[in-house]
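Hi everyone, thanks for making time. Let me put the model up on the screen, and then I'll walk you through a few spots in it.

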Amino acid sequence: MWDDAFPSFLIGLREGLEAGLIVSILIATLVRAEARSRLPQVWTGVLAAIAVAMSFGAVLTFTAASLSATAQEAFGGTLSVIAVAFVTAMVFWMRRSARGLSGELREKVTGALAMGTGMLILTSFLAVGREGLETALFLWTTARAAGESAGPLTGAAIGLVLAAGLCWGLYRRVLKINLTRFFTATGAVLIVIAAGVLGYGLRDLQEGGVLPGGTAYAVDLTGSMDAGSWYSTLVQGVFNLTPAMTWLQVVAYVAYLVVVMTLFVRGVRATTPEPAAERSGPEPKAARPQRRRPVWVIPAAVVAVPAVLAGLVVALSRPKPAGDQTVAVSGTECGKGFTAPRPGRRTFRMHNTGGRTSEVYLIDPSTGAVYGEIEGLAPGTTRDLVATVAGGTYAWRCVPTDGKAVTSRAVRVSGGGAAKPVVPVSEQDLAAPLKAYKTYVEQGLATLVTQTRTLDDDIEGGHLDRARTDWLTAHRTYASLGAAYGTFEDFDQKIDGRPDGLSDGVRDKDFTGFLRLEHGLWHGEPAKDLRAPAQQLADAAAGLQKAFSAQEFDPGDLPLRAHEILENTLQFELTGDTDQGSGTGLATADANLAGTRELLGVLQPLLTGRAPRLLPTLDTDIARLQKLLDAAHDGTGWTPVGRVAATDRQRLDGATGQLLEDLAPVPDLLEIRKSA
């Protein structure tokens, strides 16, 4: 969050200081001219400028949200380039105008005093409005680049508050700031930040199909750089430099930085002090008596008008939702009322007119690929289905409970863009991966039974040093089998249960399995006290082996394991929560990663055709995490989680989190759908 806040803090400080200086000079000029009664007119203009800027930000946010994914990329990229142009112009203008700003504004205020209320409001509005619009545009682009708004908005708010404090201090003459040096220093930093925004904007335009070269990478450090590290996050948040950049991004970044920074530095050297324009204007004429209107009318109008206009723009720019099409769902009326929608993000109102709960899918009838779905639509109810529509053929498929699937007539949609449907998976598709994974687990359980018997023999014979070594070997075998979220039913609690929730904790009679033995082996318990737990563990492993061969599995659960194994790892192993004294949490995490890799191997044939770019990404993530885990193993032992350096812990957590994030689509991609 805070790395994303810095660019917005700087722009908030600069723009806020510019606008604040202008307002301060306006107020000071009126006070010296003994025209304090005209101050509300200045504040009305300022209020109007703020309202316009906030309305502009709302228009950017909500109109972009109504676009398709591709159009959003193109829209965001275009505005990023425009934002760079505005910021660049602002940097040069302020460097040039800082010295003569006071005299220039006093001239304008003097003229406005002679021309009436409207001109004074307009003068303050125009003086502040540009900064407000620039700030709104820059904040929108940085929030979009960051993927979240909390950091940029917080940074901008801090910058604006600080700017207000500085302006108050300057107005009250309690502060002295060399404004030329201030705007020169911040201008140089903003040029560097703007170069990154330009690169990000061009990347958006490439992903939106506006510019070519989206796959021509000049730099790709994703395989060697930890994207979750503090330094990587800082560089990406502040400068918008990413581990992978295309040639267009790199060339534009370097060219902009070299050209603009060179011109800026030359301009700084060539700047000479300008005399302050101290020109006294004519005395303001006495205002003619006029009928007074309520003081709140104009301020209310200047806020309401831009807000209403922004609302109209948002409402009119949003495509009319296809939810106006109420589409029937039943075994006899599936798709009734469906007409060809326009391309873009669409909302369909699905009404179940039948007598059974139904599954509903928007599909490509030629392939059965699914664009959107609703599960469990009850009779007589209506729910919205949201999907992105592009050029292609579409139809509805309704699958009533205990009924046959019905497919509607197909409609053809003309237009560009690309929607990404999910090719459905059937139980038959998952049969082969499930069989392969069960074979892997059965072989692992056979090994586990042998290893737990060896461990039992070690303790029976009083060989506790040997038992500690054999304990880790057996525990890693079990951890590699993917025992997540009740895969092994009640046996998991007997074999690897934690003492959490037990009334007597680690001394509770129901505390059994690997962790019970770990606590005893690493806390000096005698062999005679560990014989019963060791025998119980060996018996439980043998019982699991026998039960597993007859256990029924839902094929749809298999894709879930790809995500759930490492969720357990992040929650328990990498926090040290399960450690009972051996300090081998990272060894267990390493075994969990091996189990995840095995699971992805059996799912690879299904994932390759549905998400060809996902597997290389997962391979990179796994290699990154494996490298970090290997660094904690010196061949004879593992570094305990509690002794891992803070930065290394952050890298481990970041790499695991990134892998989990990239694994998240797997269950959706391989979900069994009744429409298949």
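So, to start us off: which residues does Arg-356 touch, not counting residues up to four places away in sequence? Before I answer, a word on what you're looking at. This is a predicted model, where local features need pLDDT of at least 70 and side-chain atom pairs count only at pLDDT 80 or more, while totals for chains, interfaces and linings use all residues. Residues are numbered from 1 along each chain as its sequence is written, and side-chain values use heavy atoms, with hydrogens and water left out.

Okay, back to Arg-356. Leaving out residues up to four places away in sequence, Arg-356 touches Leu-377, Pro-379, Pro-400, Thr-401, Asp-402 and Gly-403; contact here means heavy atoms within 4.5 Å. You'll find Arg-356 in the loop between strand S4 (344-352) and strand S5 (358-363). Helices (H or I, at least four residues) and strands (E, at least two) are DSSP runs, numbered from the N terminus. With a relative accessible area of 46%, Arg-356 is partly exposed. On that scale, buried is under 20% relative accessible area, exposed is over 50%, and partly exposed is in between, using a 1.4 Å probe and protein chains only. Arg-356 also sits 8.7 Å from Gly-331, C-alpha to C-alpha, and those two are 25 residues apart in sequence.

One of those partners deserves a second look. Asp-402 has a positive phi of about 60°, although it is not a glycine. Asp-402 is in the loop between strand S8 (392-400) and strand S9 (406-407), and at 77% relative accessibility it counts as exposed.

Let's zoom out. The chain has 20 helices and 10 strands. Of its 676 residues, 47% count as buried. If you take contacts between residues at least 6 apart in sequence, 77% join residues at least 24 apart.

Now, the inside. The largest nonpolar core has 68 residues, and those with the most contacts inside it are Leu-586 and Leu-603. By nonpolar core I mean a set of buried Ala, Val, Leu, Ile, Met, Phe, Trp, Tyr and Cys residues joined through side-chain atoms within 4.5 Å. Apart from that core lies another, of 20 residues, among them Tyr-371, Val-389, Tyr-394 and Cys-398. As for Leu-603, setting aside its neighbours within four places in sequence, its contacts are Leu-430, Pro-433, Leu-558, Pro-559, Val-666 and Leu-670.

On to helix packing. Two packed helices are described by the angle between their axes and the distance between the axes. The axes are lines fitted to C-alpha atoms, for helices over the stretch in contact, and angles run from 0 to 180 degrees between N-to-C directions.

First up, H16 and H17: they pack at an angle of about 170°, with their axes 9 Å apart. That makes H16 roughly antiparallel to H17; the rule is under 35 degrees for roughly parallel, over 145 for roughly antiparallel, 65 to 115 for roughly perpendicular, and oblique for the rest. The residues of this contact of H16 with H17 divide into 10 nonpolar, 6 polar and 2 charged. For those classes, Ala, Val, Leu, Ile, Met, Phe, Trp, Tyr, Cys and Pro count as nonpolar, Asp, Glu, Lys and Arg as charged, and the others, Gly among them, as polar.

Next, helix H17 (residues 585-610) against helix H18 (residues 614-630): the angle is about 165° and the axes are 11 Å apart. So H17 and H18 are roughly antiparallel to each other too. On the H17 side the contact includes Leu-586, and on the H18 side it includes Leu-615. By class, the contact of H17 with H18 has 10 nonpolar, 3 polar and 3 charged residues.

And then helix H11 (residues 427-460) with helix H15 (residues 527-548): their axes come within 9 Å and cross at roughly 160°. H11 and H15 are therefore roughly antiparallel. Their contact has 16 nonpolar, 3 polar and 6 charged residues.

Last stop: is Pro-555 buried or exposed? Buried, at 12% relative accessibility. Pro-555 is in the loop between H15 and helix H16 (558-573). Not counting residues up to four places away in sequence, Pro-555 touches Leu-430, Leu-434 and Ile-672. Okay, over to you for questions.
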